[in-house]
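Subject: Structure handover

Hello,

Please find the structure below, with the sequence. My notes on what was found in it follow.

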Amino acid sequence: MVEKMLLELLSLEKSLGLKKTNKYSTQGDKVPVLQTNNGPSLIGLTTIAAHLVQEAQQKQLLGSTAEEKAIVQQWLEYRVTQIDGHRGKDETRIILKDLNQYLEDKVYLAGDNFTLADILVYYGLHPIMTELSVQEKEKYVNVSRWFNHIQHYPGIRQHLPSVVVLKNRLYTSGH
């Protein structure tokens, strides 16, 4: 799990256009740690990711308004507590069902703007979406639409294989 998070942080650095690669280690076998040059180490995926966004001077990815910032934070917590902490198919179905309902009228998790929440939730869902059948992806059409949109966002997918989300259907009239 932690190796996956370290890959995500390296991909995030690259997508943010950060030139120098940071030094990472792990705490135990579950938590990434960023060794900073001028201060204490930063611990945890979302803490480090938010720091990288600040370092890249792309603060809009953390949200533009107070409400959007809170929503981004909410989804970053959801990533770590729910998606990373899910156990088995039943919990996966609950996550996908809730996310599908939430995304029904949204382009991005925080509303109209692409944020760090979209990036990290995409990374967290990637292994789940890879395992779903085409029929299951069609059942969670809003998640599939959002996921496909994020995986094609410039610079985000990087090291991850592309996931085929929905098959094309040919409809015939009943005449």
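**Sheet and the helices on it**

Helix 1 (residues 2-15) lies across strand 1 and strand 2, and its direction is at about 155° to that of strand 1. Helix 2 (residues 45-55) also packs on the sheet, where it touches strand 1, strand 2 and strand 3. The direction of helix 2 makes about 35° with that of strand 2. Please keep in mind throughout that this is a predicted model.

The sheet itself is open and has 3 strands in the order 1-2-3, with antiparallel pairing. Strand 1 and strand 3 are the edge strands, since each pairs on one side only. As background, strands of a sheet pair through backbone hydrogen bonds, in either a parallel or an antiparallel way.

Taking the pairs in turn, strand 1 (residues 23-27) and strand 2 (residues 31-35) are antiparallel and share 5 bridges.

For the helical part, two packed helices are described by the angle between their axes and the distance between the axes. The axes of helix 4 (residues 88-102) and helix 5 (residues 116-131) come within 12 Å and cross at roughly 125°. Helix 4 is therefore oblique to helix 5, because an angle between 115 and 145 degrees is neither roughly perpendicular nor roughly antiparallel. The crossing of these two helices is left-handed.

Which residues make the contact? On the helix 4 side they are Thr92, Leu96 and Leu99. On the helix 5 side they are Val121, Leu125, Ile128 and Met129. By class, this contact has 6 nonpolar residues, 1 polar residue and no charged residues.

Helix 7 (residues 141-151) has these buried residues: Asn142, Val143, Ser144, Trp146, Phe147, Ile150 and Gln151. The buried residues of helix 7 pack against helix 4, helix 5 and helix 6 (134-139).

- Gln57 has phi near 55°, a positive value. Gln57 lies in the loop between helix 2 and helix 3 (66-83). Is the residue buried or exposed? Gln57 is exposed, with a relative accessible area of 69%.
- Gln158 has phi near 40°, again a positive value. Gln158 is in the segment after helix 7. With a relative accessible area of 30%, Gln158 counts as partly exposed, because that class runs between the 20% limit for buried and the 50% limit for exposed.

Regards

Notes. Residues are numbered from 1 along each chain as its sequence is written. This is a predicted model: local features need pLDDT of at least 70, side-chain atom pairs count only at pLDDT 80 or more; totals for chains, interfaces and linings use all residues. Side-chain values use heavy atoms; hydrogens and water are left out. Two strands pair if DSSP finds at least two bridges between them. Helices (H or I, at least four residues) and strands (E, at least two) are DSSP runs, numbered from the N terminus. Axes are lines fitted to C-alpha atoms, for helices over the stretch in contact, and angles run from 0 to 180 degrees between N-to-C directions. Angles under 35 degrees count as roughly parallel, over 145 as roughly antiparallel, 65 to 115 as roughly perpendicular and the rest as oblique. A crossing is left-handed if the near helix is turned anticlockwise from the far one by less than a right angle, and right-handed if clockwise. Contact means heavy atoms within 4.5 Å. Ala, Val, Leu, Ile, Met, Phe, Trp, Tyr, Cys and Pro count as nonpolar, Asp, Glu, Lys and Arg as charged, and the others, Gly among them, as polar. Buried means under 20% relative accessible area, exposed over 50%, partly exposed in between (1.4 Å probe, protein chains only).
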